[in-house]
Amino acid sequence: MRYPCFSSLLDSVVYRVGLLAALRSRKLNGQRIGVMITASHNPPDDNGVKLVDPMGSWETYATILANAPSDQALLEAYDKLTSDLNIKTDVKARVVFARDTRASGPRLVSALLAALEASGTEYTDYKLLTTPQLHYITRCLNTKDTPYEYGEPTEKGYYQKIAAAFKAATGTRKFNGPVTVDCANGVGGPKLRELIKYLPPASEGGLEIKVVNDNVVEPERLNHLCGADFVKTNQRLPPSSHAAPLARCASLDGDADRLMYYFNDSDSSFHLLDGDRIATLAALFIGDLARNAGLGEKIKVGVVQTAYANGASTSYITQDLKLPVVCTPTGVKHLHHAATRFDVGVYFEANGHGTVVFSELALKRISKYDPQSPAQASALDALRALTALINQTVGDALSDLLLVEIILAHKAWGPKEWHLTYTDLPNRLGRIEVADRNIFKTTDAERKLESPPGVQAQIDALVGKYKNGRSFARASGTEDAMRVYAEAATKGEADDLAAKVADVIKRAGI
């Protein structure tokens, strides 16, 4: 769950999220619930709060508490939820929390602490962390001393686990030059520098990581002319990046749970390697490793996408990689859940947020399998290392960065070879203001409109006139507006299709 907005409006929201976290922990018999204070890629004056829950989400109950109009109403809502959900008040609630580098973070922590103390909750403040690091620690705490123990529940444990797996997965492969990482002037900067201390140095054949935009001393620099969202929106390098042509470049977002790769070609043309590209690269590599290890028939690899995934990436996965694709509604909770249905589920949104999830059965087979040749043993060693390198709790820009670098080293590819795996269809994403977004209802993983009646038929008729045409419209989650996406064989056709579908939506939404 996320609640991003202007930071001065958030104190009461953070307090209420603290109460919700306490309720959730008691409902789960004292398991740790994480609370992350961050607004990710939003401007520095914004802030938000994310709930790290080991078993799902309570959005309906969160809305009840968030919308309580007074202190008395909040108390009554809290007591009613306690009763309705059969929550045992004698169970000790446990919450762990952290924040990013925004100036408003300490003030919002105070609001959170007030809620935790009022609800009698045991808590641990992990200070400054990336969102994925808090997810990692929460999982480690909740699985400690169980058969599913995930790792050492500390920031140091996070670095040690990833670094050891990275070294094992790299093997004897060599890295072709450095990767320049733009850290959005956010918390990912100091955390990446700390991770680098645990990695083999470039002088000993390790990966050279050039860190840029890691100024956390001036909070107003956060996400300013840098970061994953800037790169995706503006389709160009951050002004502070001075990477050479064909050099690998990557950008994190403000809380380091999104990753974008990109490069400038030899003619200075910009090429984005977004979440779709990372997903296809990971699926290609993991599928190859499974087959080469002799597990191709025993482990089913699948990819999860949303409607925003470029149609060319979907065709590449199904036709070239011969892997199944499932489409879900937008939102990590939908993608992550769908990914768990595969033995190995790869999911990334186009915005660069995603990870790879290994089922318990897959982990057992990978761990227990006896290779029949040196080649199988080599592939199996790499596959085992990936299960530890990848942060399976949530999309993690630092973990994903090392995953991409390992794959490129194994395949001896640069960014251009990666980019040439398929050609994106030209596309256009637009925003249309409407009187009431709630009249627009979607089906088929948000790819079709079921209401207002007749609108989808008009869109289908338009799409049929364009080669490789595809278009859909879905309501914004925060404002009375519709998002219209269109793609076609040429840029002109994609723009034209988007404009005509937008006109249909505009007329339907009057």
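A nonpolar core is a set of buried Ala, Val, Leu, Ile, Met, Phe, Trp, Tyr and Cys residues joined through side-chain atoms within 4.5 Å. In this predicted model, the largest such core holds 83 residues, and the members that touch the most others are Leu192, Ile209, Tyr261, Leu386, Leu389 and Leu402. Helix H14, which spans residues 397-411, gives the most to this core, with 10 residues.

Once its neighbours within four places in sequence are left aside, leucine 402 is in contact with Ile162, Phe166, Leu195, Leu199, Leu207, Ile209 and Leu389. Two of these partners, Ile209 and Leu389, are themselves listed among the members that touch the most others.

The view can now be widened to the whole chain. The protein has 17 helices and 20 strands. Its radius of gyration is 23 Å, close to the 24 Å that the globule rule gives for 510 residues, so the protein is as compact as a globular protein of that length. Taken along the principal axes, the box filled by the C-alpha atoms is roughly 60 × 60 × 45 Å. Of the 510 residues, 55% count as buried. Among contacts with a separation of 6 or more, 70% are made by residues 24 or more positions apart.

Glycine 395 sits in the loop between helix H13 (374-389) and H14. Glycine 395 counts as buried because its relative accessibility is 0%, where buried means under 20%. Not counting residues up to four places away in sequence, glycine 395 touches Pro132, Asp257, Tyr347, His353, Gly354, Thr355 and Asp400. From glycine 395 to glutamine 305 there are 90 residues in sequence and 14 Å in space, C-alpha to C-alpha. Glutamate 220 is found in the loop between strand S8 (209-212) and helix H8 (228-234). With a relative accessibility of 49%, glutamate 220 counts as partly exposed, since a residue must be over 50% to be exposed. Glutamate 220 and alanine 435 are 215 residues apart in sequence, and their C-alpha atoms are 35 Å apart in space.

The backbone also has some features to look for. Most residues other than glycine have a negative phi, and most peptide bonds are trans. Asparagine 185, however, has a positive phi, near 55°. Asparagine 185 lies in the loop between strand S7 (179-182) and helix H7 (188-196), and it counts as buried at 3% relative accessibility. Asparagine 213 likewise has a positive phi, of about 55°, although it is not a glycine. Asparagine 213 is placed in the loop between S8 and H8, and its relative accessibility of 12% makes it buried. Finally, the peptide bond from serine 451 to proline 452 is cis, with omega near 0°. Proline 452 belongs to the loop between strand S18 (448-451) and helix H16 (455-463).

Definitions and conventions
Residues numbered from 1 in each chain as written. Predicted model: local features only at pLDDT ≥ 70, side-chain atom pairs only at ≥ 80, totals over all residues. Heavy atoms only, no water. Helix = DSSP H or I, 4+ residues; strand = E, 2+ residues; numbered from the N terminus. Rg over C-alpha atoms; globule rule 2.2 N^0.38 Å. Buried < 20%, exposed > 50% of the residue type's maximum accessible area, 1.4 Å probe, protein only. Contact = heavy atoms within 4.5 Å.
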